[in-house]
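Hi there,

Here is the structure I promised to pass on.

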Amino acid sequence: MNIRKAALTDLEAITLVEATCFPAEEAASKESFQKRLNVFAEHFWLLEDGNKLVGFVNGLTTDKKWLTDDMYENAEVHDENGEWQMIFGLDVMPEYRCRGCAAMLMEHIIKVSKEQGRKG
């Protein structure tokens, strides 16, 4: 398994994973993911098994300590120098659950956040 940063070219695969992991009324839209990738791709990590996307974690950075609903739809509140790493979503395909995939993604985002000097 490999973790790497997402790119706009991953948009279709990301959207498919989200649609698999969440009911339609709760899943983030393709347009929402496109905004996120355009604004804070540096904070969007994919977990792959070979060439297959099996999960991801993403979120913007901000000086606000608490995640608020408006952050999901307004990617422009992202502050690359923000003290806090928000987590918008942690998705793992059903056939990869209970294998430590979510833990790998969480450990990665925590490690990177610490390296970047974030408070949490």
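Predicted model: local features only at pLDDT ≥ 70, side-chain atom pairs only at ≥ 80, totals over all residues.

Residues are numbered from 1 along each chain as its sequence is written, and side-chain values use heavy atoms, with hydrogens and water left out.

Let me start with the strands (DSSP runs of E, at least two residues; helices are runs of H or I, at least four, and both are numbered from the N terminus). Six of the seven residues of β3 (residues 52-58) are buried, so this strand is largely enclosed by the rest of the structure. Here buried means under 20% relative accessible area, exposed over 50%, and partly exposed in between, with a 1.4 Å probe and protein chains only. Pairing requires at least two DSSP bridges between two strands. β3 pairs with β2 (residues 44-49) in the antiparallel sense over six bridges, with Phe56 of β3 as the bridge partner of Leu46. Two residues lie between the strands of this hairpin, and Gly50 takes a positive phi near 65° there. β3 also runs antiparallel to β6, joined by four bridges; Val57 has Leu90 of β6 as its bridge partner.

Next comes α2. Its buried residues are Ser32, Phe33, Arg36, Leu37 and Phe40. Seen down the helix axis, they fall within an arc of 135° (taken from the directions from the axis to the C-beta atoms), so they line one face of α2. They pack against α1 (11-21), β2, β3 and α3 (contact being heavy atoms within 4.5 Å). Glu31 and Asn38 are exposed on the other side of α2.

α2 (30-40) also turns up in the lining of the largest pocket, where α2, α3 (69-73) and β6 (89-92) each supply at least two residues. The largest share, three residues, comes from α2. By class, the lining has five nonpolar residues (Ala, Val, Leu, Ile, Met, Phe, Trp, Tyr, Cys and Pro), five charged (Asp, Glu, Lys and Arg) and four polar (the others, Gly among them).

Cys98 counts as exposed, at 86% relative accessibility.

Best wishes
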